[in-house]
Amino acid sequence: MDRWRTGAGSVTSVNNPTTATEPSAQPGRRPRTSRAEISGVAIEMFTASGFEETSVDDIADAVGIARRTLFRYFPSKNAIPWGDFDSHLDELRAMLDEIPQDLPIAEALTRALTAFNHVPADTIGHHRRRMGLLLGVPSLQAHSMLMYADWRQVIAEFCAHRLGVPETDHLPQTIGWMSLGTALAAYEHWLADPDADLDELIRTGCTLLADGVRALH
């Protein structure tokens with residue numbers, strides 16, 4: 001479902017598109033803080049002290065910026081653990097666009113989802129902590145549904161284009177939900193089993209997903 005490198009930054013609010021770009025540094029002030037830095041620091045604080053127990057002021061103080069400045073990077077506290085999700089959705093779109101048109105949908109989705117969810121070895125610990133928050137903190141679930149919807153839509157758009165139907169059609173939307181379920185099941189098992197291989201879980205899930213859509217061309 002999700003692809004982040006260590007400390008990846010903010011997610012853009014659908015109601016506040018101005019958060020999509022990094023705020024500019026001001027002359028004479030501290031060098032520009034990045035979304036990656038804020039997100040990385042916050043995830044470690046949330047993990048150590050608890051999401052509810054860690055305030056926006058705590059995060060701003062730890063990073064060395066004002067509360068108001070932090071909200072120039074993130075529209076809400078709930079957005080911080082998600083990182084720069086819009087950029088990663090663009091990355092997923094690019095992956096899907098680069099897949100040869102003659103590759104069946106099932107294989108195309110398997111290739112894209114496996115690559116998209118690969119986590120470099122040196123960032124696995126941080127990514128595990130991030131996903132533990134996103135899947136384990138109840139107060140993050142409502143915001144997560146918005147992010148999941150955006151992710152599903154990327155899959156639906158790709159499938160709709162391949163099938164020659166509107167992206168709102170039942171079939172591409174169903175494939176979007178199936179793909180999301182495949183990724184979430186892999187991540188939940190990965191979080192529960194420290195010895196599990198995330199890449200292998202994604203590949204296994206994609207194989208099951210492919211069996212369900214293999215007849216589509």
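**Exercise 1.** Is arginine 67 buried, partly exposed or exposed?

*Solution.* Start with the scale: buried means under 20% relative accessible area, exposed over 50%, and partly exposed in between (1.4 Å probe, protein chains only). Arginine 67 has a relative accessible area of 42%, so arginine 67 is partly exposed.

A word on the model before going on: it is predicted, so local features need pLDDT of at least 70 and side-chain atom pairs count only at pLDDT 80 or more, while totals for chains, interfaces and linings use all residues. Residues are numbered from 1 along each chain as its sequence is written, and side-chain values use heavy atoms, with hydrogens and water left out.

**Exercise 2.** Find the salt-bridge partner of arginine 67 and say what the pair ties together.

*Solution.* First, the rule: a salt bridge is a side-chain nitrogen of Lys or Arg within 4 Å of a carboxyl oxygen of Asp or Glu. The partner is aspartate 57, at 3.3 Å from N to O. Aspartate 57 lies in helix 2 (residues 56-63) and arginine 67 in helix 3 (residues 67-73), so the pair ties together parts that are 10 residues apart in sequence.

**Exercise 3.** Trace the network of salt bridges that includes Arg93.

*Solution.* Begin with aspartate 90, whose side chain meets that of arginine 93 at 3.2 Å (N to O). Both lie in helix 4 (residues 85-98), three residues apart. Together, Asp90, Arg93 and Glu157 form the network.

Technical notes:
Helix = DSSP H or I, 4+ residues; strand = E, 2+ residues; numbered from the N terminus.
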